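I am opening a notebook on this structure.

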Amino acid sequence: MFDLDDTLLDHGKAMRQAVDHVHAAFRLAASLDEFHRNWSDASERHYSRYLAGEISFAEQRRARVRDAVGQGLSVGAVDEILGQFIAEYERRWILFDDVLPCLQSLSGFRLGLLSNGAAREQRRKLASLGLLSCFEIVLTSEEAGAAKPDAAIFLRACEALGVAPAEAIYVGDRCDLDAVAARRAGLDGVWLNRRRKGHPLAATVNAIAGLDELAPLLRERARKIIGALKLNRRALRIPPRPPPPRGRG
């Protein structure tokens, strides 16, 4: 199972370019660097409130604009800025280069997608990127009634796939929110560390620098599982299965 934003979709780049557009289009007084910091801080703060159920998805977007641009903005001004931001952000939705080759290399696996966010928004991203049909299940925090890092959302996804948590692997760009949280829920967590940053919990999970490293990691995992099964058979003195009878030819 995969995370979506900054794992498959280059969300960060799309956001930065959309914020650049807003800064230039509305000739804001703050420097571009300062505006990026304000927008990022407001996004993190109000999106967390949305995930906690305190405000709606639309409300967190409007609150972000007011915090980053100005509390005195009229409703019309907020909606104008927000409309341009959303249009520019959606226009720049693009996959990382390693996504499609990775998904093709996992053709023998059952695939799912698990994401914090609004169901309609995340499915629109997948449809726009041509990925919606790649996944057997798509589950968002809105639908699950719980958000990462809560174990409940991972368990709901496993239940939807009909697998035990120990049979599932979750891949995401956040060490704590994705890989470690998945591991604590009983799944195998893989941290996609594209920026090769350190994290105090990195040693507790598998880490890869790109999705091209995922298939080899899974093959090695499968090899170890098969090896352990063989050892258990020998320890229990379970004879190997006899070969099938040969035909007379």
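**Entry 1: A215**

I started with A215, which counts as buried because its relative accessibility is 7%; buried means under 20% relative accessible area, exposed over 50%, and partly exposed in between, with a 1.4 Å probe and protein chains only. I noted that this is a predicted model, in which local features need pLDDT of at least 70, side-chain atom pairs count only at pLDDT 80 or more, and totals for chains, interfaces and linings use all residues. Residues are numbered from 1 along each chain as its sequence is written, and side-chain values use heavy atoms, with hydrogens and water left out.

I found A215 in helix α10. Helices (H or I, at least four residues) and strands (E, at least two) are DSSP runs, numbered from the N terminus. Which residues does A215 touch, not counting residues up to four places away in sequence? I found S105 and L106, where contact means heavy atoms within 4.5 Å. I also looked up L103: its C-alpha atom is separated by 9.2 Å from that of A215, although the two residues are 112 apart along the chain.

**Entry 2: the chain**

I listed ten helices and five strands in the chain. Of its 249 residues, 42% count as buried. The C-alpha trace spans about 85 × 35 × 30 Å along its principal axes. Among contacts between residues at least 6 apart in sequence, 57% join residues at least 24 apart.

**Entry 3: the sheet**

I traced an open sheet of three strands, ordered β3-β4-β5, with parallel pairing; two strands pair if DSSP finds at least two bridges between them. At the edges are β3 (169–172) and β5 (206–208), each of which pairs on one side only. Direction ignored, neighbouring strands of this sheet are turned by 25 degrees against each other on average. Axes here are lines fitted to C-alpha atoms, for helices over the stretch in contact, and angles run from 0 to 180 degrees between N-to-C directions.

Over how many bridges do β4 and β5 pair? I recorded three, in the parallel sense, with β4 covering residues 188–192. The bridge partner of L192 in β5 is I208. Helix α9 (residues 175–184) packs on the sheet and touches β3 and β4. The direction of α9 makes about 160 degrees with that of β4.

**Entry 4: the pockets**

I wrote down the term before the values. On a 1 Å grid over the protein atoms alone, a pocket is an open set of points with protein on both sides within 12 Å along at least five of seven lines, whereas a cavity is a set where a 1.4 Å probe fits but cannot get out; lining residues have an atom within 4 Å of a point. Grid points are joined across faces, edges and corners, and a volume is the space filled by probe spheres set on the points.

The largest pocket has a volume of about 1500 Å³. I noted 45 lining residues, with D6, H11, E44, D173 and R174 nearest its centre. Helix α2 gives the most to this lining, eight residues. The lining divides into 15 nonpolar, twelve polar and 18 charged residues. Ala, Val, Leu, Ile, Met, Phe, Trp, Tyr, Cys and Pro count as nonpolar, Asp, Glu, Lys and Arg as charged, and the others, Gly among them, as polar.

The second largest pocket has a volume of about 420 Å³. Its lining holds 18 residues, of which F109, R110, E167, A168 and I169 lie nearest its centre. Helix α10 gives the most here, with five residues. I counted 15 nonpolar, no polar and three charged residues in this lining.
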